[in-house]
Amino acid sequence: MPGSNCTQATEFSLVGFTEDPAIQGTLFLLFLLTYLVTILGNLGMITLIRASPLLHSPMYYFLGNLAFVNLCTSTITTPRMLVRVLLGKKGITYAGCMAQVFTFDLFLLTECFLLATMAYDRYVAVCHPLLYPLAMSPERCSRLVTGSYLLGLTNGVGQTVSMSSLFFCSSSAIDLFFCDISLLISLSASDTTLSLVILRTSSSLLGVPTVLVVLVSYVAIISTILSISSAECKRKAFSTCASHLTTVSTFYGALIFMYLIPRSDTSRGGDKWAAVLYTVVTPMLNPLIYSLRNQEVKEAWRRL
């Protein structure tokens, strides 16, 4: 039960990175540039995929949805961080924080499932190319993407409902640049058992299987590629997967560090930079990686 001198919080304080004005100015310019590149890169990728008949295939259908999710994830966190650095406004209302938890958890899990779906798509393309038109038909691709969004929505609703029952003191400060559910649970003045159970269960039942799908898919892909005798065919097969593998490694590496490695509250110093990696850096890098390493995307840009 909350203490008698603890009143329910109506606002949280986002600590951010530093109070040094010089460093804040540098961070503002860095994050502003990153956000602009993210917006232009992902909007450009979505527009290119829709406009170019060359990219009307399952892989680019998934990639277009990934670009949309990256756009949303970055927009949920980065603009508020920029306002905080520029104007010094640390506060975020309780309702705003809950809304951020809901939308962020929705799109975060959706991205996990989209990356797993893309790994399965590459597995079928490399290991069972003759079955690819049947296995990745337009109807099945549409169901896979719709299912990703629905599971993300389920996660967002579940996490938000579990958070709504928690009590927070009015002096609560979040040592991050956005409302992260794991930090909010640790700040609560009430019993957090149910919220922790929901968080761990969601991570185990929804997040971990996506990691396993990616791992199993790429073990099979690498095994198939190594069995190919032609060096040129090996290079082409690997080039179709390298971009996605780079994205997956960066994204899941940061998430595992943030949410699945147990540690005490005093040893969470790297959380801010891990969060920057999957909320700011990865959404910016994804369209660049797929543009620079993919010959079909380069050809579509050239034709346009």
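What percentage of the 304 residues in the protein is made up of buried residues? Buried residues account for 48% of them, where buried means under 20% relative accessible area, exposed over 50% and partly exposed in between (1.4 Å probe, protein chains only).

## Basis of the model

This is a predicted model, in which local features need pLDDT of at least 70 and side-chain atom pairs count only at pLDDT 80 or more, while totals for chains, interfaces and linings use all residues. Residues are numbered from 1 along each chain as its sequence is written, and side-chain values use heavy atoms, with hydrogens and water left out.

## Overall fold

The protein has 10 helices and three strands; helices (H or I, at least four residues) and strands (E, at least two) are DSSP runs, numbered from the N terminus. Read from the N terminus, the order of elements is β-α-α-β-α-α-α-β-α-α-α-α-α. The radius of gyration is 21 Å, close to the 19 Å that the globule rule gives for 304 residues, so the protein is as compact as a globular protein of that length. That radius is taken over C-alpha atoms, and the rule is 2.2 Å times the number of residues to the power 0.38.

The C-alpha trace spans about 70 × 40 × 30 Å along its principal axes. Of the contacts between residues at least 6 apart in sequence, 79% join residues at least 24 apart; contact means heavy atoms within 4.5 Å. The accessible surface comes to about 14600 Å², and carbon and sulfur atoms hold 69% of that area (Shrake-Rupley method with a 1.4 Å probe; for residues, only the protein chains shown count as cover).

Helix α3 covers residues 94–127, 34 residues in total, and reaches 49 Å from its first C-alpha to its last, close to the 50 Å expected at 1.5 Å a residue. The expected span is 1.5 Å times one less than the number of residues. α3 is mostly covered, with 25 of its 34 residues buried.

One disulfide is counted, a disulfide being a pair of cysteine sulfur atoms within 2.5 Å. The bond joins Cys97 to Cys179, with an S to S distance of 2.0 Å. The link is left-handed, at -125 degrees about the S-S bond. Cys97 lies in helix α3 and Cys179 in the loop between β3 (173–174) and α6 (181–187), so the pair ties together parts that are 82 residues apart in sequence. Cys97 counts as buried because its relative accessibility is 0%, and Cys179 counts as buried at 1%.

Cys72 is in no disulfide, and the nearest cysteine sulfur, that of Cys112, is 15 Å away. With a relative accessible area of 17%, Cys72 is buried. Cys141 is also buried, at 3%.

## Thr279 in helix α9

Thr279 lies in helix α9 (residues 271–293) and counts as buried at 0% relative accessibility. A polar atom of the Thr279 side chain is 2.5 Å from the backbone oxygen of Ala275. With neighbours within four places in sequence left aside, Thr279 is in contact with Thr73, Ser74, Thr77, Thr78, Phe104, Phe177 and Phe178.

Gln8 sits in the segment before β1 (11–14). Its relative accessibility of 31% makes Gln8 partly exposed. The C-alpha atoms of Gln8 and Leu144 are separated by 41 Å, the two residues being 136 apart along the chain.

Key: Polar contact = N/O pair within 3.5 Å; in protein donor to acceptor, adjacent residues only side chain to side chain.
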